Amino acid sequence: MRSAHARAKDPVCGMSVDPTSAEVADHGGRRHYFCSSVCAEIFRADPDPWAEPMEHAHGEATGAEAGTAHAGH
Ligand SMILES: [Zn+2]
């Protein structure tokens with residue numbers, strides 16, 4: 001059975017999720033959808049890194065790797 005609904009993207013793990021059954025969290029005036037309550041809780045705990053547009057995900061790297069990746073910044 002195929003759904004005609006557009007898929008939403010879980011910003012935490014990157015999975016496609018069904019908005020009609022996904023976990024949701026509102027942040028910054030937008031609604032975000034998650035594959036599970038686990039991802040939703042991760043997002044709610046610290047929404048800002050996940051709410052950034054994926055194309056310019058600046059704070060994605062954590063720990064030592066961030067230093068080398070943004071050496072010129
Ligand atoms: Zn997820």
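Guide: A residue is counted as buried if 20 or more other C-beta atoms lie within 10 Å of its own C-beta atom, with C-beta atoms placed from the backbone. In this predicted model, buried residues make up 16% of the 73 residues in the protein chain.

First, the setting. The protein chain contains three helices and four strands, and along the sequence these elements follow the pattern β-β-β-β-α-α-α. Asp-10 belongs to the loop that joins strand S1 (8–9) to strand S2 (16–17).

Next, the surroundings of this residue. Leaving aside residues up to four places away in sequence, Asp-10 touches Met-15, Val-17, Tyr-33, Phe-34, Cys-35 and Cys-39. A further distance concerns Glu-23, 13 residues from Asp-10 along the chain: the C-alpha atoms of the two are separated by 9.3 Å. For the protein chain as a whole, 21% of the contacts with a separation of 6 or more are between residues 24 or more positions apart.

Finally, a word on confidence. The average pLDDT of the protein chain is 79, and 63% of the residues score at least 70. Over residues 64–68 the pLDDT falls below 50, and this stretch has one contact in the model beyond near neighbours in sequence. Where pLDDT is low, the predicted coordinates should not be read in detail.

Notes:
Residues numbered from 1 in each chain as written. Predicted model: local features only at pLDDT ≥ 70, side-chain atom pairs only at ≥ 80, totals over all residues. pLDDT = per-residue confidence, 0-100. Contact = placed C-beta atoms within 7 Å. Helix = DSSP H or I, 4+ residues; strand = E, 2+ residues; numbered from the N terminus. Buried ≥ 20, exposed ≤ 12 C-beta atoms within 10 Å, placed from the backbone.
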